[in-house]
Structure formats: structure tokens, C-alpha cells
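Hi,

Here is the structure for your files. My notes follow below it.

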Amino acid sequence: MEQPSRRNVLMTGGVLGALGALSVATPAQARPLWTWSPKGSVVGAGKGVDPRWVWDEEADPLVASLIDRGDVPKVNMLLKTWTKNGQALRQGCRRI
């Protein structure tokens with residue numbers, strides 16, 4: 001194995017520095033574009049739009065009100081016990 005030259009050490013340092021700069025410049029929330037076809041969904045229809053940007057006019061205000069009232073931990077606790085979608089609320093729970 002040959003001795004490292006000053007040139008090789010500087011080149012290696014430059015490459016490592018460039019990789020570090022690229023990792024800092026990459027946005028933390030960078031995600032690939034949504035490319036999943038709606039044909040594979042439960043309903044098998046739709047526009048194939050990224051679900052992170054689809055709004056639900058009925059559910060969104062409800063979830064916003066849960067956040068505003070601070071009821072999210074309570075709802076999470078109640079939902080943790082559910083095993084089926086149609087399951088009734090536990091005895092003594094009121095509708096939020």
C-alpha cells in the first residue's frame with residue numbers, strides 16, 4: 001500500500017466535505033413524488049393523488065376541533081382498544 005500523498009488526503013477531505021454539504025442541503029422532509037396507482041386501493045378508483053394533500057371536508061374540521069380542545073390523547077386512548085371499525089364506545093364514554 002502506498003503512502004498517502006497530500007493531494008490524495010486533500011481530495012478525500014474535499015469529497016467528504018461535499019457529501020456533508022449535500023446532506024445538509026437536502027430538505028429533512030424530502031419525499032418522492034406519489035406514484036401509486038389508485039387501482040390497487042380498496043375502492044380501486046380515484047385520481048391517484050398524494051394522500052398527504054387530499055382534504056376531507058367532513059373529517060378535517062372534526063380533527064382540528066379535537067386538537068384545539070386538547071382531546072387527542074383521550075381519543076387515542078379510546079381508539080387503542082378498538083379492533084373493528086363498527087365497534088361501540090366503551091360504557092361511560094361520551095361522544096366527543
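**Salt bridge and overall picture**

Arg 69 and Asp 71 form a salt bridge, with 2.9 Å between their closest N and O atoms. The term stands for a side-chain nitrogen of Lys or Arg within 4 Å of a carboxyl oxygen of Asp or Glu. Side chains of opposite charge can pair when their charged atoms come close. Asp 71 is buried, at 13% relative accessible area. Arg 69 is partly exposed, at 46%. Buried means under 20% relative accessible area, exposed over 50%, and partly exposed in between (1.4 Å probe, protein chains only). A search of the whole structure gives 1 salt bridge.

This is a predicted model: local features need pLDDT of at least 70, side-chain atom pairs count only at pLDDT 80 or more, and totals for chains, interfaces and linings use all residues. Residues are numbered from 1 along each chain as its sequence is written, and side-chain values use heavy atoms, with hydrogens and water left out.

The chain has 3 helices and 0 strands, in the order α-α-α. Helices are DSSP runs of H or I, at least four residues; strands are runs of E, at least two. Of the 96 residues, 7% are buried.

Val 15, Leu 16 and Leu 19 make a nonpolar surface patch of about 300 Å². Patch residues have over 30% relative accessible area and no salt bridge; nonpolar side chains are joined within 5 Å. Leu 16 sits in helix α1, residues 6-25. Leu 16 is exposed, at 56% relative accessible area.

Best wishes

Notes:
Patches are made of residues with over 30% relative accessible area and no salt bridge: like charges are joined within 9 Å, nonpolar side chains (Val, Leu, Ile, Met, Phe, Trp, Tyr) within 5 Å. Accessible areas come from the Shrake-Rupley method with a 1.4 Å probe; for residues, only the protein chains shown count as cover.
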